Amino acid sequence: MTFLTMLPLFLGGLLGLFVAAGASDTVLYAHGLLLFLFCVLGAFWVLKRGGDAGGPARVTDDGIEYNGAIVRAGVIATTFWGIVGFLVGLVIALQLAFPVLNFDLPWTNFGRLRPLHTSAVIFAFGGNALLMTSFHVVQRTCQTRIAGGFAPWFVFWGYQLVILMAATGYLFGVTQSKEYAEPEWYVDLWLTIVWVVYLLVFLGTLWKRKEPHIYVANWFYLAFIVTVAMLHIVNNLAVPISFGSTKSYVLFSGVQDALTQWWYAHNAVGFFLTAGFLGIMYYYVPKQANRPVYSYRLSIVHFWSLIFLYIWAGPHHLHYTALPDWAQTLGMTFSVMLWMPSWGGMINGLMTLSGAWDKLRTDPVLRLMAISIAFYGMSTFEGPLMSIKAVNALSHYTDWTIGHVHSGALGWVGMVSFGAIYFLAPRMWGRERLYSLRLVSVHFWLSTVGIVIYASAMWVSGIMQGLMWRAYDSLGFLEYSFAETVEAMHPFYVIRAIGGGLYVLGAFIMAWNVYQTTRGNLRDERPYETRPATQPAGAQA
């Protein structure tokens, strides 16, 4: 087993040296050396562990020795990349309000930091949250140790290498300029290898499961893994100008490239940021509430309807463009239809709390999960609304879209991920409970208020922006110049930065809470007060 693990690392190290030696630009040279270093450190790590791919054995109550070490690594990585992504987001929000903060440097300007922020939040923070939870959920629901020996660790560390190569590439101007798909061809190839191994590990665990039934969360995880692989490969088909250069040319051009790009980008939202995180919802909300899923039948209907409808919705990003009108209408129609299965999932998640609503007063972790489902419902109503052509004519290219995206990303993805981290931290480190439930409550309120301030500012700013752009005077000329619209948005950009700052502060509190939990510390705090149960008339106390 050790030899089979070492062989790919040896070949990968040679490939890294070969890439560095043949590189014609500095960035590819650095990334070749980074791959070599990754393989060398990986080889030492494998030799140190010997045949133990899961860390110290911990047999759980059900008598199964799960791989908890990789879930612990996921908790740390998710928390770390969340802090990084949120901080960069705060920086670029401040740059929009105060352009002097670009510092007139190529590495710190908005154009390079913006893709760094989106990739860090979506793929670093969100991606690690999905790796962490999927590896945990598939083991527990299948009642078997995760398949593949060292393969799950290759997925985890290989994914961190993707993040590092992509992030450093953005800072040095290496990008193929495709939304949510900025990394160049060689990073895409490496991600494809990592993702295929991820799929095989997940399928291998399902294959050797001891529980005959496949729980619905695993259906959502599997759909996310398979569909993202398809989207990634098709959208990133490109021809490099040479194997020694970072530059490549996309296979598609013109309106075909635009359609392929937004077919990818919208479904990256649909399957990476929706289906995957619905897997989190369907496992961790019932576990935290200690209640069964409200309707398992509804969860199956929710899955199949969502999976079928989402894949067609991408063209609504291209209203009033060169895309044929029938394709635009198709995208709009399927987007409106998506409202039904999306709210079916929201209803299923919230109704799981039936009989446990009182826990929202005393359990701030469950409160985080509940508010995330509420934001999911709001975002999945607003998205179909904005896909309607008449509404899109006002909203598109404005800050309204930014507010919509962030209410979903911070409210749905962020909050449900925080809930999963808080659920896993004490259990994965064998602690009695979290370091502080009071700090979880503080985090909840900071994040919630931050999101509301952020989204509200962008809604007002975006609608004002759209109305100013389409305002004409009595002679038929545009009433406002572009500079005037930018000036009018300044106070809302400041308000957005304040909301983002509150969200970042909450994330730092979470990181401190998780760190103290891993050390086994318990904060001395007054427990949440609970009201005594109401007694029927005449009953004795």
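What does the protein chain average in pLDDT, and what share of the residues score at least 70? Since this is a predicted model, I would like to begin there: the protein chain averages a pLDDT of 92, and 94% of the residues score at least 70. Within the protein chain, confidence is lowest in helix α1, residues 2–22, with a mean of 86, and highest in helix α3, residues 69–97, where the mean is 97. One stretch calls for care, namely residues 529–541, over which pLDDT stays under 50, and for which the model has five contacts beyond four places in sequence.

Let me turn to the salt bridges, of which a search of the whole structure finds four; I will go through some of them.

Arg145 and Glu65 form one of these, with their side chains meeting at 3.7 Å, N to O. Arg145 lies in the loop between α4 (110–142) and α5 (151–171), while Glu65 lies in the loop between α2 (26–49) and α3, so this pair ties together parts that are 80 residues apart in sequence. Both ends are partly exposed, Arg145 at 23% relative accessibility and Glu65 at 33%.

Another salt bridge joins Arg114 to Glu179, and here the closest N and O atoms are 2.8 Å apart. Because Arg114 lies in helix α4 and Glu179 in the loop between α5 and α6 (185–207), the pair ties together parts that are 65 residues apart in sequence. Arg114 counts as partly exposed, at 25% relative accessibility.

The side chains of Asp325 and Lys389 also meet in a salt bridge, at 2.6 Å, N to O. This pair links distant parts of the chain, with Asp325 in helix α10 (residues 325–337) and Lys389 in helix α14 (residues 389–395), 64 residues apart.

Finally, I come to the second largest pocket, which has a volume of about 1200 Å³. It is lined by 45 residues, and those closest to its centre are Leu35, Phe38, Cys39, Phe154 and Trp190. The elements that give two or more residues to the lining of this pocket are α1, α2, α3, α5 and α6, and the largest share, twelve residues, comes from α2. As for the classes of residue in the lining of the second largest pocket, 38 are nonpolar and seven are polar, with no charged residues.

How values were computed
Residues are numbered from 1 along each chain as its sequence is written. Side-chain values use heavy atoms; hydrogens and water are left out. pLDDT is the predictor's confidence in each residue, from 0 to 100. Helices (H or I, at least four residues) and strands (E, at least two) are DSSP runs, numbered from the N terminus. Contact means heavy atoms within 4.5 Å. Buried means under 20% relative accessible area, exposed over 50%, partly exposed in between (1.4 Å probe, protein chains only). On a 1 Å grid over the protein atoms alone, a cavity is a set of points where a 1.4 Å probe fits but cannot get out, and a pocket is an open set with protein on both sides within 12 Å along at least five of seven lines; lining residues have an atom within 4 Å of a point. Grid points are joined across faces, edges and corners, and a volume is the space filled by probe spheres set on the points. Ala, Val, Leu, Ile, Met, Phe, Trp, Tyr, Cys and Pro count as nonpolar, Asp, Glu, Lys and Arg as charged, and the others, Gly among them, as polar.
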